[in-house]
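Student: I would like to learn how to read a few features of a folded chain, taking each one as a general idea and then as a case.
Tutor: Then let us look at the model together and go feature by feature.

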Amino acid sequence: MVRGFVKIVLSCLVFLCATSALAHFGAVIPSTEVVEQGGERAVRLEVSFIHPMEGHSMKMERPVRFGVLARGEKTDLTGRLTRTARGDGDLWSADYLFKRPGDHIFFLEPAPYWEPAEDSFIVHYTKVVVNGFGLETGWDAPVGFEVEIMPLTRPYGLWAGNIFTGMVLQNGAPLAGCEVEVEYLNSDRVNIPASPFVTQVVKTDGRGIFSYAMPRAGWWGFAALAEGTRKIEKDGSEKPVELGGVLWVRTREMSLNAH
């Protein structure tokens with residue numbers, strides 16, 4: 001009887017450890033990554049804090065900053081965000097009307113998220129690039145976050161199987177040996193054969209550069225993780241802050257025209 005109880009307790013502990021190890025991702029997902037001439041100009045942007053592969057949503061306070069960088073000019077969109085419930089978490093959304101050609105970098109600075117399992121706060125600075133009307137300029141412009149992924153591969157117009165390459169910067173300098181977590185936004189419920197398949201992990205080289213081949217069509221999140229220098233007080237103690245530089249890209253399936 002006691003032995004059976006111990007087995008149950010150990011099983012619960014293993015489950016809790018596995019659950020707490022789930023990778024967190026800030027997410028900014030647009031309704032499209034390419035706005036074309038003569039097409040729909042309004043883009044819906046969904047902002048959340050999620051476990052992408054498992055489909056879990058988390059609570060998310062109103063972002064500190066949400067905006068768009070286009071042609072070297074930043075526009076604040078924070079006031080446009082509206083909040084709705086999604087499962088156990090929150091979904092923020094906003095609409096944006098494209099008026100000018102060029103690449104638009106939508107960026108997010110969230111409120112710090114307290115993670116009890118890690119005894120630390122999490123701040124994921126998140127970006128996604130949407131091309132406007134075929135003018136491919138500005139997709140590699142920096143937003144200026146403390147931790148940021150700079151795309152070295154154009155982050156749109158990608159086929160499934162393409163390799164994405166980026167450079168991780170911390171305070172403007174390349175970050176060598178940085179761990180980059182990669183997850184698929186599993187909206188079509190891809191089978192997960194074992195826990196290591198949930199989050200892919202690569203590291204940056206001595207120049208802060210990493211690469212990853214995306215095997216399936218859909219949205220892919222890249223999260224470069226680094227420890228911040230600031231502390232945040234909680235319950236009378238100074239707690240560390242995990243910083244993430246997150247970038248989302250979309251791949252599409254290559255299909256044949258019907259004859």
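Student: Is T78 buried or exposed in this model?
Tutor: Burial is read from the relative accessible area, with anything under 20% counted as buried. In this predicted model, T78 has a relative accessible area of 11%, and therefore it is classed as buried. T78 sits in the loop between strand 6 (73-76) and strand 7 (82-86).

Student: What does the side chain of T78 reach?
Tutor: The side chain of T78 comes to 2.9 Å from the backbone nitrogen of F66. When residues up to four places away in sequence are set aside, T78 touches R62, P63, V64, R65 and F66, and F66 is itself among the members of a core of 32 residues that also includes L45, V246 and W248.

Student: Which residue meets K127 in a salt bridge, and where do the two lie?
Tutor: The partner of K127 is E148, again with N to O at 3.0 Å, and the pair links distant parts of the chain, with K127 in strand 11 and E148 in strand 12 (residues 147-151), 21 residues apart.

Student: What about R207 and D205?
Tutor: R207 forms a salt bridge with D205, and their closest N and O atoms are 3.5 Å apart. Here R207 counts as exposed at 54% relative accessibility, and D205 as partly exposed at 30%. Salt bridges can also share partners, as they do where E33, R250 and R252 are joined into one network.

Student: Which strands pair with strand 20, and in which sense?
Tutor: For each pairing, read the sense and the number of bridges, and then pick out a partner residue. Strand 19 and strand 20 pair in the antiparallel sense over 14 bridges, with G244 of strand 20 as the bridge partner of L225. These two strands form a hairpin with 2 residues between them, and D235 in the turn has a positive phi of about 55 degrees. Strand 11 pairs with strand 20 in the parallel sense over 8 bridges, and I122 has E242 in strand 20 as its bridge partner.

Student: Which residues touch the most other members of the largest nonpolar core?
Tutor: This core has 36 residues, and those with the most contacts to other members are V168, V180, F210, M214, W220, F222 and V249. Strand 19 gives the most to this core, with 5 residues. M214 touches several residues beyond four places away in sequence, including L158, F164, W220, F222 and V249.

Definitions and conventions. Residues numbered from 1 in each chain as written. Predicted model: local features only at pLDDT ≥ 70, side-chain atom pairs only at ≥ 80, totals over all residues. Heavy atoms only, no water. Salt bridge = Lys/Arg side-chain N within 4 Å of Asp/Glu carboxyl O. Helix = DSSP H or I, 4+ residues; strand = E, 2+ residues; numbered from the N terminus. Buried < 20%, exposed > 50% of the residue type's maximum accessible area, 1.4 Å probe, protein only. Core = buried A, V, L, I, M, F, W, Y, C linked by side-chain atoms within 4.5 Å. Contact = heavy atoms within 4.5 Å. Polar contact = N/O pair within 3.5 Å; in protein donor to acceptor, adjacent residues only side chain to side chain. Pairing = 2+ DSSP bridges.
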